[in-house]
Amino acid sequence: MPPVIDASRCIGCGTCVEICPGDILAETEKEPAVVYPDECFHCGACLVECPSTAISYRIPLPMMLPVFRLDFFKSEDI
Ligand code: SF4
Ligand code: SF4
């Protein structure tokens, strides 16, 4: 899912727009707009760098499956 920006927390610093490697976000007069939501590849840069924790998103389940599988193989090694 694309990032969701909480307008009540956003201070309009523009950091997320600058840092997004996919140019998915764009500055507006208020909080940034998610202009290409389908192009977001969930790198987490905007979420980590936002100084006011205004950004959240849910990682799609298919992207989480490899993590679970790695955990599975780790437990097999023990
Ligand atoms: S998660 Fe990454 S690709 Fe998606 S909007 Fe944030 S910085 Fe851009
Ligand atoms: S980095 Fe956070 S506070 Fe700054 S413009 Fe983006 S959402 Fe708003």
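## Cavities, a surface patch and the fold

The largest cavity holds about 100 Å³ of space. A cavity here is a set of points, on a 1 Å grid over the protein atoms alone, where a 1.4 Å probe fits but cannot get out. Grid points are joined across faces, edges and corners, and a volume is the space filled by probe spheres set on the points.

Before going further, a word on the ground rules. This is a predicted model, in which local features need pLDDT of at least 70 and side-chain atom pairs count only at pLDDT 80 or more, while totals for chains, interfaces and linings use all residues. Residues are numbered from 1 along each chain as its sequence is written, chains are lettered from A and ligands numbered from 1 in the order in which they are written, and side-chain values use heavy atoms, with hydrogens and water left out.

Back to that cavity: its lining takes in 13 residues, with Cys20, Ile24, Cys40, Cys43 and Cys46 nearest its centre; a lining residue has an atom within 4 Å of a point. By class, 11 of the lining residues are nonpolar, two are polar and none is charged. Nonpolar covers Ala, Val, Leu, Ile, Met, Phe, Trp, Tyr, Cys and Pro, charged covers Asp, Glu, Lys and Arg, and the others, Gly among them, are polar.

Now for the fold. Three helices and four strands make up the secondary structure, in the order β-α-β-β-α-β-α from the N terminus. These are DSSP runs, helices being H or I of at least four residues and strands E of at least two. Helix H2 (residues 45-49) contains Leu47, whose C-alpha is 8.1 Å from that of Tyr57, 10 residues away in sequence. Leu47 counts as partly exposed because its relative accessibility is 35%, between the limits for buried (under 20%) and exposed (over 50%), with a 1.4 Å probe and protein chains only. Of the 78 residues, 23% count as buried.

Met63 is partly exposed because its relative accessibility is 42%. Together with Ile59, Leu61, Met64 and Leu65, Met63 forms a nonpolar surface patch with about 440 Å² of accessible area.

Definitions and conventions:
Patches are made of residues with over 30% relative accessible area and no salt bridge: like charges are joined within 9 Å, nonpolar side chains (Val, Leu, Ile, Met, Phe, Trp, Tyr) within 5 Å. Accessible areas come from the Shrake-Rupley method with a 1.4 Å probe; for residues, only the protein chains shown count as cover. A salt bridge is a side-chain nitrogen of Lys or Arg within 4 Å of a carboxyl oxygen of Asp or Glu. On a 1 Å grid over the protein atoms alone, a cavity is a set of points where a 1.4 Å probe fits but cannot get out, and a pocket is an open set with protein on both sides within 12 Å along at least five of seven lines; lining residues have an atom within 4 Å of a point.
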